[in-house]
Number of protein chains: 2
Amino acid sequence: MARIPHVIIVGAGFAGLYAARELGNKPVRVTVLDRKNHHTFQPLLYQVATAGLSPGEIAVPIRSILSRFTNIGVLLGEVTGFDLDRHRVKIQNDDELQYDYLIVAAGATHAYFGHDEWATYAPGLKSVEDATEIRRRILLAFELAERKARLDNIHEPLNFVVVGAGPTGVELAGALVEIARRALVRDFRSVDPSSARVILVEAGPRVLAAYPEDLSHSAEQQLKQLGVEVMLNAMVTGIGPDYIQIGEKRLPTAVTLWGAGVSASSLATKLVEAAKSTAAEAPSTPATIDVAVPKLDRAGRVIVSPDLTIPGHAEVFVVGDLASVTYGEGKPVPGIAPAAIQMGRYAARTILKDVQQSAQHGKSREPFRYHDKGSLATIGRKAAVGLVYNRHLTGFVAWLAWLFVHIFFLIGFRNRIAVIYDWAWAYFTYQRGARLITGNSRSIAPIATPVPAEVPPVHELNPVSTIDDKRKVS
Amino acid sequence: MARIPHVIIVGAGFAGLYAARELGNKPVRVTVLDRKNHHTFQPLLYQVATAGLSPGEIAVPIRSILSRFTNIGVLLGEVTGFDLDRHRVKIQNDDELQYDYLIVAAGATHAYFGHDEWATYAPGLKSVEDATEIRRRILLAFELAERKARLDNIHEPLNFVVVGAGPTGVELAGALVEIARRALVRDFRSVDPSSARVILVEAGPRVLAAYPEDLSHSAEQQLKQLGVEVMLNAMVTGIGPDYIQIGEKRLPTAVTLWGAGVSASSLATKLVEAAKSTAAEAPSTPATIDVAVPKLDRAGRVIVSPDLTIPGHAEVFVVGDLASVTYGEGKPVPGIAPAAIQMGRYAARTILKDVQQSAQHGKSREPFRYHDKGSLATIGRKAAVGLVYNRHLTGFVAWLAWLFVHIFFLIGFRNRIAVIYDWAWAYFTYQRGARLITGNSRSIAPIATPVPAEVPPVHELNPVSTIDDKRKVS
């Protein structure tokens, strides 16, 4: 290979971005493809949704992150398919790009377990646009309540329901309480924001199910202390514009948010289909191409080989939330940022080794090993849980650890300062700085007109069964 | 009047907000009505449009600005009309609010001189949504050019055209050059952003026509020095998705922006109609109601009495960009923030005097006097012009004065620090921090497909005539 090999990276989330950085200024040409022009620091997205940070503080142009690497080009574009045989990525408008190595890091999206109609009423949180839409709904709910109270003397229940008590759901619920009890409390005249109820609805028997039981228990206590009502074993059976149905009972809602499920990007399916057609087209050359085809797991992720490639294609890596991998005694590698970063780096280093010893293309590769440093989940002011190198942390200590880790990993020095400034401000003043209601449509059109009904307290809502918990392992 | 009088303020721009502040914790009840939940610091909106600042840095929730005044309530709502006879403001959904005093400060909007179809292709800059849309178009133009160059090897002209060389047009043109020549220059591989052309098209014979001739001349020189091509006496006869027509010549464009005209909010018309119907309904009581009706000027603004009220309604004030007022020897009060602030304060103080001496309701009022401190227009880095207490400033001095004034008047201590930080960062690094392309639609859908045509250089475009310059006096 005298020619400089071309590596295409699809997606600039944590996995794709760290793969690109690892390949920066190395003897390869790299093209990063993404639908957005910015990398989103997803662990802090909930703070944009709850008006604590501005979008610009947690989203950085991919171009500027990678601009110092002259061998890396960035293209804004949507991948529509793959031709693995011809080593090509298809982009919208019938464009194509040829690769020597491909790293697919397209990530995950919301999953509504067959109820896609719920998406309108209960948005999930994956992108900057999701976050500003959620922010709009939350702030608008208070504004509409104030207007009804002032003009029509109608005081309707202000119920904020978060479905799913994984890390995102817990973060959202904790931040919502802080908005209502602290940030907005002096701003309204006819409505008392602190009368708002924040209800966290979970199908399973505990919050943060991926954590050890004692930490789940601690998280639940911390949530309740902040003022969140926690409903466990509660099966959501319906969601409408102004209500949520739990078992047989209806709860009127001002805003419903979805933190219950994610599934892999549809590019996983396209990749598997492309691999199948390659295998089918080349039955006469079984010696050169392994006819084993990749499969998807239940969450729609690609089940990869130990070197994170797909069977039969040692040049095609799948990393991050799109990859289904296990470690230790068959434990799934969790869908968290550190895991994505490790996978991205591993893929990049494996490619560099290949390039440097071009004879050994695809052979005798070290398998990917996930190094589990633990994880942290924040709940609210001075409230968090963490599992760090098998030590169980709770409360203030966990919260400090969470702060430190997230500031440290936040990409872009400039953003780090801005976020520290905003956090310090919010910590001491209890205010939230980014309380904008924006949107091209009439910003005052109500999303949901709350039903003026009696709200049964949570303990009267008897959950009858639990929904199949397909939440992403995290 | 034993009852506490109720003052309604429509619109929380500079005029409305400063009126409200003046009435804060005084013996009146105040309701501020606005379509948005935030006050927008319009003088810095162009920096959001050009990715220098985030929306949250120049837009602050109206509620939180006014929360310390317990006699002021804020309502999110759109005013649909007035019933001056019954002292009522109509809000959408058939709601009404009764007032004792009314301050209408609904501001201005874009005017396309009878070519409303141009609005799609050449957005103006009045709201946070406008600013993020313009930012999206600017950044997307570079992304699409990069993609075409990389995938199809097509190098199209990157022309950014700004129509109208008033303060907004000049600011936008100056910032655009800085983006292309400085901020993006290292970020692209297949396209050279500094090859982009920024063209400022003006119908009149000079830029910043509201300033003295020597300052106009200086501004033009400073623009050219930065790299802006200035076309004067250039009549725009057509605007399409990917071109602008100037006289008989077509210029292909990547992005077209509109800074050429503003006209008063449609609430001016509604106010005048309401006043007419009041006068018509009450012909038999000419002693109590002055039958003179208010009129609109050419820009759609309400021609007000010397006390900024409308004829026949001493309790209805019109302030800010919605009011047509003169000062000195019949000079029009300009549509700039300091004038709006002065009008808002004057209306509030007049109401307070009325309330304190309730017998003299509407009588022997001091007329409004505009105190002209001058104005500043920024062009770019170290480039500006200013007329401060009749002293002519240019270049670095004017720019420093502009910086100082805008930081000083920016509402919210928190935002002031954040903006200083962002500006210092941008000044030293030449980077722009808020380069997000966001939007709910597919963010990569092109707005305009540039015509792959030869672009005549500006000097070959012979403007044949000038359009009637109806720009807002500013």
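## Interface between chains A and B

The contact between the chains takes 42 residues from chain A and 42 residues from chain B. Two residues count as in contact if their C-beta atoms, placed from the backbone, lie within 7 Å. This is a predicted model: local features need pLDDT of at least 70, side-chain atom pairs count only at pLDDT 80 or more, and totals for chains, interfaces and linings use all residues. Residues are numbered from 1 along each chain as its sequence is written, while chains are lettered from A and ligands numbered from 1 in the order in which they are written.

On the side of chain A that touches chain B, α3 (55-58), β4 (59-61), α4 (62-66), β5 (72-76), α5 (128-152) and α11 (413-429) each supply at least two residues. α5(A) gives the most, with 8 residues. By class, this side of chain A has 15 nonpolar, 12 polar and 15 charged residues. Ala, Val, Leu, Ile, Met, Phe, Trp, Tyr, Cys and Pro count as nonpolar, Asp, Glu, Lys and Arg as charged, and the others, Gly among them, as polar.

## Chain A overall

Chain A has 11 helices and 28 strands. These are DSSP runs numbered from the N terminus: helices are H or I with at least four residues, strands E with at least two. Of the 474 residues in chain A, 54% are buried. Buried means 20 or more other C-beta atoms within 10 Å of a residue's own; exposed means 12 or fewer, and partly exposed lies in between, with C-beta atoms placed from the backbone. Among contacts in chain A between residues at least 6 apart in sequence, 68% join residues at least 24 apart.

## A three-stranded sheet in chain A

Chain A holds an open sheet of 3 strands in the order β26-β27-β28, with antiparallel pairing. Strands pair if DSSP finds at least two bridges between them. β26 (374-380) and β28 (391-394) of chain A are the edge strands, each pairing on one side only. Neighbouring strands are turned by 5 degrees against each other on average, direction ignored.

β26(A) is joined to β27(A), residues 383-388, by 6 bridges. A:T378 stands opposite A:A384 in β27(A). Helix α10 (residues 395-409) of chain A packs on the sheet and touches β26, β27 and β28. The direction of α10(A) makes about 75 degrees with that of β27(A).

In chain B, β26 (residues 374-380) and β27 (residues 383-388) pair in the antiparallel sense over 6 bridges. B:G374 has B:V388 as its bridge partner.

## Helix packing in chain B

Helices α6 (residues 167-183) and α7 (residues 213-226) of chain B pack at about 20 degrees, with axes 9 Å apart. They are therefore roughly parallel (angles under 35 degrees). α6(B) passes α7(B) in a left-handed crossing. B:V170, B:A173, B:G174 and B:V177 of α6(B) make the contact with B:A219, B:L223 and B:L226 of α7(B). These residues divide into 6 nonpolar, 1 polar and no charged.

Helices α1 (residues 14-23) and α9 (residues 337-356) of chain B cross at roughly 35 degrees, and their axes come within 7 Å. Here the crossing is right-handed. A crossing is left-handed if the near helix is turned anticlockwise from the far one by less than a right angle, and right-handed if clockwise. The contact residues divide into 11 nonpolar, 2 polar and 3 charged.

Methods:
Axes fitted to C-alpha atoms, helices over the stretch in contact; angles between N-to-C directions. Parallel < 35°, antiparallel > 145°, perpendicular 65-115°, else oblique.
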